[in-house]
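Please keep the sequence and the structure at hand while reading.

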Amino acid sequence: MQGEKAWKGTRWHTGVVDRSFFMPDALSVAPRLLGSILSVDSPQGLVGLRITETEAYLGVGSTGPYDPGSHSKDRKTARNASMFLPPGHAYVYFTYGMHFALNLVCSQEHVASGVLIRSGQIVQGLDLARERRHAKQSTRSASNYVKDAQLARGPGNLAAAMGITRESHDGLDLLAEPFHIVQSGVAESDIARGPRVGVAGVAGGPAYPWRFWLKGDPTVSAFRPGRDAPVPPGKPRG
DNA sequence: CGTGTGATCTCCT
DNA sequence: GGAGATCACACGC
């Protein structure tokens, strides 16, 4: 971090993040990531994202409460191994036989916690992002064409738009190529907080308000309660 | 606009 | 065998 901004009495840091940015854990990092720019480079070009929605997940060794919704809630496995890397690494997983999702690993090495990047606004490489998303669609007519605000709305769409896969990005250092992260925080009054999307059981309920998003931003995904989550269906939303 | 379904990976029962 | 940190499509009201 190298600067400071202030607006209406709120001040926040700006600049390229360092490893300490990802400490002490995902719960403190998740809201701080909102508004920040995450870029991913590739042979096809660079795509830049302004982060608008995040979720925190804790795991083995974390100081906070036990998180039944986390991939690393109990132990290290082949899939979640990257969550145990030092802060500032990428954890990319494949799910539902279809989608990739990007997490930014927090906490010291051997302690598992991560921030799921759920949604954002594409601010660089719009054409490339469109190309990747449209290529993933089975059909594409004028009527179902993906709107720009939806290019990176939801973790699966976001990973697709940024060209992120488990094979090519899981376990990589976020402070080196092809990643680039610049913090540009937002006023606290613009941040909303609530239960996580699609997380089963109590971990998806009000006891775990670990989802953060920018109020009123059109790129934020819709809320959907998880199976058996103690949340009235179809209530809160971005 | 709401609900059901298929895609078929990784882990756990 | 079943569910999951998902998404887009098909259908019915």
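## A serine between two strands

In this predicted model, Ser107 sits in the loop that links β6 to β7, the latter covering residues 113–124. The phi angle of Ser107 is positive, at about 70°, although this residue is not a glycine.

Is Ser107 buried or exposed? Its relative accessible area is 4%, and since buried means under 20%, Ser107 is counted as buried.

## A tyrosine with a positive phi

Tyr96 is likewise a residue other than glycine with a positive phi, here near 55°. Its place is the loop between β5, which spans 90–95, and β6, which spans 99–105.

With a relative accessible area of 69%, Tyr96 is exposed, because the term exposed applies to values over 50%.

## Two cis peptide bonds

Which residues does the cis peptide bond with an omega of about 0° join? This bond links Met23 and Pro24, and Pro24 belongs to the loop that lies between β2, residues 10–16, and α1, residues 26–32.

Another cis peptide bond runs from Glu177 to Pro178, and its omega is near 5°. Pro178 is also a loop residue, found between α4, which covers 166–169, and β8, which covers 179–184.

Notes. Residues numbered from 1 in each chain as written. Chains lettered and ligands numbered in written order. Predicted model: local features only at pLDDT ≥ 70, side-chain atom pairs only at ≥ 80, totals over all residues. Heavy atoms only, no water. Helix = DSSP H or I, 4+ residues; strand = E, 2+ residues; numbered from the N terminus. Buried < 20%, exposed > 50% of the residue type's maximum accessible area, 1.4 Å probe, protein only.
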